[in-house]
Amino acid sequence: MNEEVQEEDIAKKKVVYQVPDMDDVTIRLDVEYHRTEDGVQMMDLYSPAEAKSGARLPAVVFVSGYPDAGMQKMLGCKLKEMGSYISWAKLTAATGIVAVTYSATEPVGDLQSVLRFVRQNAAELGIDETRMGVWACSGNVPNALSVLMKEDAGYLKCAVFLYGLMLDLDGSTSVAQAQQMFGFANPTVGKTVDDLPAELPLFIARAGLDNPSLNETIDRFLVKAVSRNLAVTFVNHHSAPHFFDVMHDSETSRQIIRQILDFMQFHLLEQAIHNESS
């Protein structure tokens with residue numbers, strides 16, 4: 001979340017980590033998930049290439065906190081059309097998990113519509129509606145955090161947050177100020193770490209050279225999360241800037257991306273298999 005990042009053609013950049021079979025995944029573009037008087041909202045689904053007919057696989061929703069119009073103004077494309085989101089979705093599908101990206105005009109309501117559509121049409125989409133996760137970065141994180149706080153969110157088994165604006169805690173207004181500047185949704189106003197489910201595994205990645213105001217929200221969040229003994233996995237990429245997964249081509253960046261993929265795979269695939277066999 002800084003002006004230097006916007007000078008780069010960030011919209012076209014891909015994740016700095018690749019795997020050989022990620023371009024073989026099955027992609028379904030522009031699946032209608034919601035219709036209003038203002039138009040039709042679409043989602044894209046990325047599924048493992050080897051997925052068997054009738055299989056029900058876990059899914060990760062890549063959360064948007066911005067209206068498409070705002071993203072197009074900033075970056076020239078919708079969030080789901082960004083090279084980073086496409087490559088993250090392909091990487092996720094290559095691990096055996098369905099990835100969902102989507103368009104948005106009203107981020108808070110549209111995220112609810114996406115989750116509801118996926119769960120109601122899970123069989124047709126090849127998704128196990130009881131094993132889902134969310135992934136969010138930067139200003140998209142507050143919207144993702146808000147769904148974790150819902151009473152009916154037990155189907156969400158993990159969440160990944162990269163260099164994200166978290167919560168305004170202890171009198172801080174960093175998230176609110178960033179919202180005014182960048183225009184993302186912030187439905188967690190007034191919420192605290194106590195509003196999160198105690199057992200939900202979280203993966204939080206911090207970019208050490210990021211905006212100090214943004215990192216302050218991560219630091220405060222971690223102190224509160226650890227004091228509550230939440231299931232937090234934390235990585236600090238001390239030499240990296242914002243958007244390090246696409247902007248910092250280093251082995252450390254690739255290692256963290258692999259960690260994130262392993263984290264999602266463990267909590268959505270391996271843990272479920274273990275629970276079923278025990």
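Predicted model: local features only at pLDDT ≥ 70, side-chain atom pairs only at ≥ 80, totals over all residues.
Residues are numbered from 1 along each chain as its sequence is written, and side-chain values use heavy atoms, with hydrogens and water left out.

Strands here are DSSP runs of E with at least two residues, and helices are runs of H or I with at least four, both numbered from the N terminus. Two strands pair if DSSP finds at least two bridges between them. β4 pairs with strand β2, residues 39–47, in the antiparallel sense over four bridges. β4 also runs parallel to strand β3, residues 57–62, and three bridges join them.

Is β4 buried or exposed? Five of its five residues, 98–102, are buried, so the strand is largely enclosed by the rest of the structure. Buried means under 20% relative accessible area, exposed over 50%, and partly exposed in between, with a 1.4 Å probe and protein chains only. Val98, Val100 and Tyr102 point one way, Ala99 and Thr101 the other. In a regular strand the side chains alternate between the two faces of the sheet.

Now valine 175, in helix α7, residues 174–182. Valine 175 is buried, at 1% relative accessible area. Leaving aside neighbours within four places in sequence, its contacts include Pro142, Leu165, Phe184 and Thr217, where contact means heavy atoms within 4.5 Å.
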